[in-house]
Amino acid sequence: MPDYISAKEAADKWNISQRRVSVLCRENRVDGAMFIGKMWVIPNTAQKPIDKRAIRYEKERPITLKPFVKWAGGKGQLIDELEKMLPTNGSKVLTKYCEPMVGGGALLFDILSKYEFEEVYIGDINPELINAYQIIKNNVEELINKLKELQTSFLPMGENDRKAFYYSIRDKFNSTVLNESTKVDKAAYFIFLNKTCFNGLYRVNRKGQFNVPMGAYKNPTICDEENLSNIHKALKNVTIVCGDYSLSKSFIDNNTFVYLDPPYRPLSETSAFTSYNMGTFDDKEQIRLAKFIDQINCTGAKIILSNSDPKNVNPNDSFFDDLYKEYKIKRVSAKRMINSKAENRGEISELLICN
Ligand SMILES: C[S@@+](CC[C@H](N)C(=O)[O-])C[C@H]1O[C@@H](n2cnc3c(N)ncnc32)[C@H](O)[C@@H]1O
């Protein structure tokens, strides 16, 4: 009769989490493991199962989560490429996910749909966007009711009435200060404007006021109740932070997978879209970010960063090749607006940089 150890002791011995041990036992992958009195006991002699899924635990029942807003620079198109780069073959389990410039969260929602992490951190410097994430996490029913009201009012209207309605909501959004008593209304206005404005852009003027005109969607889904409810459940244990990406430093350690998707370095004067908020993300900011990446690289975290490829317009511009010369740089293609003219939407190369 072998000696038995607890799941916690096996976790310490195999250098994986206790939760992972339970999953492996449940999957019958630990010889002789038994479930006794609400806990797993494991023969002291049992070997650690070979585990190729190094970064995450695949969900037994995946769900489909989609970004709840359209976001400039959204990474929907690059998901397949990003997935190929996810660290899946390692000796260590990455149990934490961190996306400190989350925007619309294309990769976040793909990851939350399919994988389980023990801890997840998301952040962004845009307070209205982060408020929307927080309201979906904490007040989703109220939000859904408000969005349904907006949808029921807006959709049956003719063009002129829609315009008047859109601009009245835009005025309310701009004149309402975000605080405890306005936060649900503001999240509803934010999502309404995103679904009905031109191209789903979020752009503010120097005074921080949202200034995008109305779009021309015939029948926009303003309230996607099912998706919002699913996101609400998925955000249950997610830490949501408003502020600079550097605030995530204390979360990041050698068990963390970090994805950073900063505002693109503009490829041309006219393609500069960096007004997600009032600040700009110029080359100095790109360099500050590279320094931050060097710091978190020292923790042993697994990091992926995406950006535009300046070589699309100037083959001699090696800004990122120089900045990230210690890292692996992969060039992948994506369809993007190269400048403000619609016909200039073409296949261009983008950078995926990792350690
Ligand atoms: C390219 S977008 C991210 C898009 C996102 N990956 C998606 O799929 O929608 C860049 C994001 O970085 C945010 N941002 C800009 N400067 C920041 C900073 N200093 N700290 C944190 N977030 C920042 C912007 O508000 C914007 O949402």
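Q: How are helices α1 and α2 oriented to each other?
A: In this predicted model, local features need pLDDT of at least 70 and side-chain atom pairs 80 or more, while totals for chains, interfaces and linings use all residues. Residues are numbered from 1 along each chain as its sequence is written. The axes (lines fitted to C-alpha atoms over the stretch in contact, angles from 0 to 180 degrees between N-to-C directions) of α1 (residues 7–14) and α2 (residues 18–26) come within 8 Å and cross at roughly 105°. Angles of 65 to 115 degrees count as such, so α1 and α2 are roughly perpendicular.

Q: Which residues of α2 make the contact with α1?
A: Contact requires C-beta atoms, placed from the backbone, within 7 Å. From α1 come A7, K8, A10 and A11, and from α2 come Q18, V21 and S22.

Q: How many residues of the α6 contact with α8 are charged?
A: The contact includes E142, K146 and L150 of α6 and D185, I191 and T196 of α8. Asp, Glu, Lys and Arg count as charged, Ala, Val, Leu, Ile, Met, Phe, Trp, Tyr, Cys and Pro as nonpolar, and the others as polar. Nine residues are nonpolar, one is polar, and the charged ones number three.

Q: How many residues in the shell around the ligand are charged?
A: The ligand is surrounded by 22 residues (C-beta atom, placed from the backbone, within 6 Å), the closest being G73, M101, G103, G104 and A106. Ten of the shell are nonpolar and eight polar, and the charged ones number four.

Conventions: Two residues are in contact if their C-beta atoms, placed from the backbone, lie within 7 Å. Helices (H or I, at least four residues) and strands (E, at least two) are DSSP runs, numbered from the N terminus. Angles under 35 degrees count as roughly parallel, over 145 as roughly antiparallel, 65 to 115 as roughly perpendicular and the rest as oblique.
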